[in-house]
Each structure stands twice: as C-alpha cells, then as structure tokens.
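Colleague: I would like to learn how to read the main features of a model, one at a time. Please give the general idea before each case.

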Amino acid sequence: MRRGRRSVNRPCSCCGRWRPCWTNTAFGRGRLRARVLGVGDSNVTFLLERGGRRAVLRRPPAVPRLPARDVLREARVLRLLEPTDARAPRVLLACGDASVLGAPFYVMEHVAGMVIAPSVPEALDDAAGRDAVANELVDALVELHAVDVT
C-alpha cells in the first residue's frame, strides 16, 4: 500500500461498496484534486475538484487540538435542512468508516462565497461590507428559526 492510499481489499463499512465511498462520482469523474480550505479549531475543510465540479470535504484533524465536532452529526443536520428554505449546502455523502480516510467525514456541495475566519476579507472590511455581512447573518438566522422541527 502506498503512502496516502487505503487498501480497497474489503468493502467500505458505511456504504458496503468495494470501492470506498470517496470514489463516488456524485461530484464528477476523473482525477480528484484536494486542497486545504481551512483548519479550524475542531475540523479540517478541503476543497475537492473533479471533472470541472467542486465539493467540500469536512473531517476531524489528524491530531485534534480541541475535541473534534461530530462531522456525521453535522451531515445529518445539513440533510435535515435540504427540503427547507434555510440556506445550507447539500450533502453528497457521509462516511463513518475511519479506515477510508483515517476519520469519519462528509462531502457537501461547494457554495461560492468568502470565508470570514480568522479575519474579515479585505473586500468586506469597510462599513458597507460589514453591514452586508451582518444583514446576511440575520437573514440566515431567520431562515433557520423558520424551520419546523416538530
């Protein structure tokens, strides 16, 4: 087995496929490219690119600095939001089999935008930009609070 690759001599325990679920073609075919988008205090986010399509993978870091948040719970919540009007990316796959990538993970659709951590991007770092971010945040919270959880 080469470094960075997992054996595929057994089916993935989360999806039962002989090819691990991360080879899923839900976000294109061809060579899969990945780059780190961000390393937060609890999870790592990667941009995946394949066949002209983009997706985002979230997983705990190899060596957690803080207790990692449960990425499979995040995926379940995002899936519950899919039929609602709340803005949330669609989950393409979730895998709890740590032998596939070394930890549980999920892949969601890529949503274009700016990441505002750890600092505000220069394009938004003025009064109008901060006002726009605050308004979008309030709108997103209104959408979440409108979700019927009964």
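Modeller: What follows goes from the overall fold to the cores, the surface and the salt bridges.

Modeller: This is a predicted model, in which local features need pLDDT of at least 70, side-chain atom pairs count only at pLDDT 80 or more, and totals for chains, interfaces and linings use all residues. Residues are numbered from 1 along each chain as its sequence is written, and side-chain values use heavy atoms, with hydrogens and water left out.

Colleague: How many helices and strands does the protein chain have?

Modeller: Helices (H or I, at least four residues) and strands (E, at least two) are DSSP runs, numbered from the N terminus. Here the protein chain has 3 helices and 5 strands, and their order along the sequence is β-β-β-α-β-α-β-α.

Colleague: What share of the contacts is between residues 24 or more positions apart?

Modeller: A contact means heavy atoms within 4.5 Å. Among contacts in the protein chain with a separation of 6 or more, 45% are between residues 24 or more positions apart.

Colleague: What percentage of the residues count as buried?

Modeller: Buried means under 20% relative accessible area, exposed over 50%, and partly exposed in between (1.4 Å probe, protein chains only). Of the 150 residues of the protein chain, 29% count as buried.

Colleague: Which residues make up the largest nonpolar core?

Modeller: A nonpolar core is a set of buried Ala, Val, Leu, Ile, Met, Phe, Trp, Tyr and Cys residues joined through side-chain atoms within 4.5 Å. The largest one has 9 residues: Leu 48, Ala 55, Leu 57, Leu 92, Leu 93, Cys 95, Val 100, Phe 105 and Val 107. At least two residues of this core come from each of strands S3 (53–59), S4 (91–95) and S5 (105–109). S4 gives the most, with 3 residues. There is also a second, separate core of 7 residues, among them Leu 78, Val 91, Tyr 106 and Met 108.

Colleague: Which residues make the nonpolar surface patch?

Modeller: Patches are made of residues with over 30% relative accessible area and no salt bridge; like charges are joined within 9 Å, nonpolar side chains (Val, Leu, Ile, Met, Phe, Trp, Tyr) within 5 Å. Accessible areas come from the Shrake-Rupley method with a 1.4 Å probe, and for residues only the protein chains shown count as cover. Leu 137, Leu 141 and Leu 144 make a nonpolar patch of about 270 Å². Leu 137 is placed in helix H3 (residues 127–145) and is exposed, at 52% relative accessible area.

Colleague: How many salt bridges are found in the whole structure?

Modeller: A salt bridge is a side-chain nitrogen of Lys or Arg within 4 Å of a carboxyl oxygen of Asp or Glu. The search finds 5. One of them joins Glu 74 and Arg 58, at 2.9 Å from N to O. Glu 74 lies in helix H1 (residues 71–81) and Arg 58 in strand S3, so this pair ties together parts 16 residues apart in sequence.

Colleague: Are Glu 74 and Arg 58 buried or exposed?

Modeller: Glu 74 is buried, with a relative accessible area of 19%, and Arg 58 counts as buried at 17%.

Colleague: Which residue meets Arg 87 in a salt bridge at 2.6 Å?

Modeller: That partner is Glu 136. Glu 136 is in helix H3 and Arg 87 in the loop between H1 and S4, 49 residues apart. Both side chains fall in the middle class: Glu 136 is partly exposed at 44%, and Arg 87 is partly exposed at 42%. Together with Glu 143, these two residues are linked in a network of salt bridges.
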